[in-house]
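Please look through the structure shown here.

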Amino acid sequence: MTSVFMRMPSGSRTGSLRIWGFVLAVASVILPALPLGPLFAQPPIPLAVLWAAYGWAAEDESGWRAPITLALLGLLHDQLAGGPFGLFPALYLSAYLIGRVAAVIMSAPNLVSLWGGFIVTVLLTIGIAAVIAPLGLGENVSVRPYAEACGITALLFPIVRPLYMSAAPSSRPQPGFKR
């Protein structure tokens, strides 16, 4: 089963999980912009696009679809948040690139390794946000709301991991491993 947005592993169960993961990522971008009250604000609603970025990177999504989809979701997030264009695409693409490295370093197929890789990815995107947010939003901008949303996102990662990645070893090449 193949989608326009992402290559899905074989199996209808896995494919449907990946579709639900994508729907959740889109919802996490759109819902905070709607007047639905504080429950749907960010935080507390997680940044599901970070789950998608890390999962697609770890699952060796080596084509152009994942980065393009992340960039488009980032532009949509920027538009709905009312900020300058480029901040969220930069953060989501950074998460994807960091996730590719973390997937190689923390490649053991267990939850602790996968969760650790995601936490490292999220922490580094918070650092990137602290550097680039003042460039577009001014000197007095705080990345605290983004950091809080990232914390919630990291805490929920073990629950949503099946929507974005399998627990099997990554198909990405490992350092020192010869095929």
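Tyr54, Phe118 and Phe157 are joined into a cluster by ring pairs. This is a predicted model, in which local features need pLDDT of at least 70 and side-chain atom pairs count only at pLDDT 80 or more, while totals for chains, interfaces and linings use all residues. Residues are numbered from 1 along each chain as its sequence is written, and side-chain values use heavy atoms, with hydrogens and water left out.

**Aromatic pairs**

A pair of aromatic rings is described by the distance of the centres and the angle of the planes. Rings of Phe, Tyr and Trp (its six-membered ring) pair if their centres lie within 6.5 Å, and planes under 30 degrees apart count as stacked, over 60 as edge-to-face and the rest as tilted.

| Pair | Centre distance | Plane angle | Class |
|---|---|---|---|
| Tyr54 and Phe157 | 5.8 Å | 75° | edge-to-face |
| Phe118 and Phe157 | 4.7 Å | 10° | stacked |

Helices here are DSSP runs (H or I, at least four residues), numbered from the N terminus. Tyr54 belongs to helix α2 (residues 48–58) and Phe157 to helix α6 (residues 144–164), so their pair links distant parts of the chain, 103 residues apart.

Tyr54 is buried at 1%, Phe157 is buried at 1%, and Phe118 is buried at 0%.

**The nonpolar core**

A nonpolar core is a set of buried Ala, Val, Leu, Ile, Met, Phe, Trp, Tyr and Cys residues joined through side-chain atoms within 4.5 Å. The largest one has 40 residues, and Leu50, Phe118, Tyr146 and Tyr164 have the most contacts inside it. Helices α1, α2, α3 (65–81), α4 (87–105), α5 and α6 each supply at least two residues of this core, and the largest share, 10 residues, comes from α2. Apart from its neighbours within four places in sequence, Tyr146 is in contact (heavy atoms within 4.5 Å) with Leu47, Leu50, Phe88, Leu91, Thr125, Ile126 and Ala129.

Leu34, found in the loop between α1 (12–30) and α2, is partly exposed at 40% relative accessibility.

Technical notes:
Buried means under 20% relative accessible area, exposed over 50%, partly exposed in between (1.4 Å probe, protein chains only).
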